[in-house]
Amino acid sequence: IRLTGGEPLVRRNLEDLVKGLAKLDGLRHLSMTTNAVLLAEKAEELKRSGLHSLNISLDSLHKERFKEITLRDDFDRVIAGINAAEAAGFAPIKLNVVVMKGRNCDEVLDFVRFVQNRKLNVRFIEYMPFKDNSWDLNSVFTYKEMIEVIQTEFRLEPIEGKPGDVAKDFRIVNGDGIVSFVTSMTESFCSTCNRLRMTADGSIKSCLFYEP
């Protein structure tokens with residue numbers, strides 16, 4: 001089960017929800033996707049409540065660019081949240097980076113350096129069209145382009161995936177971090193996707209692109 005949003009951390013009594021879900025019979029993994037703005041003060045309690053892992057959205061490592069992309073001046077709070085999650089013992093901690101040509105594609109190597117010697121997994125996501133995100137094909141920085149850039153400095157070793165995985169995972173040779181690629185535009189994984197999503201009003205979606 002993954003808690004997503006909107007932003008889960010703004011939910012009142014989130015820790016109680018996590019505790020309840022953690023007690024479900026047969027639950028194998030409980031995770032959450034967050035922007036991490038409120039994570040620093042909540043990480044330890046969420047870990048104690050039974051949350052296993054975190055996906056954190058982070059599209060830039062440059063403070064001003066982060067503000068430009070997210071329209072929020074919260075970069076320092078997000079970094080503090082990542083550090084707090086590490087200290088609380090969350091594993092894995094996945095950093096979701098939507099890579100956009102002309103906006104943040106020049107940071108691919110910076111992100112790999114950021115996770116190189118940490119127990120972090122950076123997940124580069126090909127820019128895909130969603131409602132009102134002003135998507136343009138010319139803004140797509142592809143998986144192959146990312147790999148070419150990374151291999152100028154790092155060696156990556158493939159990690160065998162599991163059925164239903166949406167990312168291609170690689171271990172950084174001589175490092176601790178993991179680098180992943182979500183190839184939503186150039187190498188579709190729709191035929192192996194096994195995810196269902198329940199919205200806040202109880203509707204079921206089999207795909208983010210489908211109406212409930």
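I take contact to mean heavy atoms within 4.5 Å.

**Entry 1: ground rules.** I am working on a predicted model, where local features need pLDDT of at least 70, side-chain atom pairs count only at pLDDT 80 or more, and totals for chains, interfaces and linings use all residues. Residues are numbered from 1 along each chain as its sequence is written, and side-chain values use heavy atoms, with hydrogens and water left out.

**Entry 2: Phe181.** I looked up the contacts of Phe181, leaving aside neighbours within four places in sequence. The residues listed are Phe124, Tyr143, Met146, Ile147, Ile150, Leu156, Val166, Ala167, Lys168 and Phe170. I then looked up the cores. A nonpolar core is a set of buried Ala, Val, Leu, Ile, Met, Phe, Trp, Tyr and Cys residues joined through side-chain atoms within 4.5 Å. Buried means under 20% relative accessible area, exposed over 50%, and partly exposed in between (1.4 Å probe, protein chains only). The largest nonpolar core has 50 residues, and Phe124 and Phe181 have the most contacts inside it. Another core, of six residues, lies apart from it and includes Ile125, Met128, Val166 and Phe189. I note that in soluble globular proteins, nonpolar side chains tend to be buried together.

**Entry 3: the whole chain.** I counted secondary structure as DSSP runs numbered from the N terminus (helices H or I, at least four residues; strands E, at least two). The chain has six helices and ten strands. Of its 212 residues, 43% are buried. The C-alpha trace spans about 45 × 40 × 35 Å along its principal axes. I also checked the radius of gyration, taken over C-alpha atoms, against the globule rule of 2.2 Å times the number of residues to the power 0.38. For 212 residues a compact globule would have a value near 17 Å, and the chain agrees with 17 Å. Among contacts between residues at least 6 apart in sequence, 61% join residues at least 24 apart.

**Entry 4: Gly175.** Where is Gly175 found? I found Gly175 in the loop between strand 7 (168-172) and strand 8 (178-182). Gly175 is partly exposed, with a relative accessible area of 23%. Not counting residues up to four places away in sequence, Gly175 touches Gln116 and Asn117. Gly175 and Phe154 are 21 residues apart in sequence and 9.6 Å apart in space, C-alpha to C-alpha.

**Entry 5: Met198.** Is Met198 buried or exposed? Met198 is exposed, because its relative accessible area is 64%. I place Met198 in strand 9 (residues 197-198).
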